[in-house]
Amino acid sequence: METSRFDKGLELLTKIDGEAGQNVIESLQDICPDLAKYTIEYPFGDIYAREGLDLKSREIATVAALTALGNCAPQLKVHLNAALNVGCSEEQIKEVILQMSVYAGFPAALNGMFAFKEVLTERSEYQLS
């Protein structure tokens with residue numbers, strides 16, 4: 001039996017984002033459950049599930065794009081966590097954000113680095129408790 005886009009997407013979302021991804025999906029249930037469904041099916045069930053890039057490479061690209069956009073702090077923090085979850089090192093993520101200073105400007109890179117600092121602090125506090 002073929003796995004549905006939703007099931008495949010939910011499996012990948014859980015693997016990549018864990019609780020953070022599930023929190024995003026749950027937060028949409030009362031306002032727009034269809035957007036939650038589309039969030040699972042399209043990016044995760046269709047795009048992340050494709051061959052050609054591993055999850056680490058996909059998260060590096062996502063962190064770069066969200067950093068460059070400069071106005072996606074909540075989504076960037078989710079994907080910074082995801083990048084760490086799939087094997088990116090802190091140094092690699094810092095380098096990706098720093099690289100964006102060249103193409104997206106210093107304000108975007110500063111915002112990205114401050115978001116990463118928050119993520120590392122939250123992860124450190126979580127691991128200590």
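## Exercises on a two-domain predicted model

The centres of domain 1 and domain 2, taken over C-alpha atoms, lie 21 Å apart, the domain bounds coming from an automatic or database domain assignment. This is a predicted model, in which local features need pLDDT of at least 70 and side-chain atom pairs count only at pLDDT 80 or more, while totals for chains, interfaces and linings use all residues. Residues are numbered from 1 along each chain as its sequence is written, and side-chain values use heavy atoms, with hydrogens and water left out.

**Exercise 1.** Describe the interface of domain 1 and domain 2.

*Solution.* Begin with the bounds: domain 1 covers 1-50 and domain 2 covers 54-128. Nine residues from domain 1 and nine residues from domain 2 take part in the contact, where contact means heavy atoms within 4.5 Å. Next, the buried area (the accessible area, with a 1.4 Å probe, that two parts lose on being put together, summed over both) is about 780 Å², and carbon and sulfur atoms give 59% of this. Of the area that domain 1 buries against domain 2, Ile16, Asp17 and Tyr48 supply 63%, more than any other three residues. Finally, the interface has zero salt bridges by the rule, which asks for a side-chain nitrogen of Lys or Arg within 4 Å of a carboxyl oxygen of Asp or Glu.

**Exercise 2.** Determine which helix gives the most to the side of domain 1 that touches domain 2.

*Solution.* Helices here are DSSP runs (H or I, at least four residues), numbered from the N terminus. Both α1 (5-28) and α2 (33-48) supply at least two residues of this side, and α1 gives the most, with five residues.
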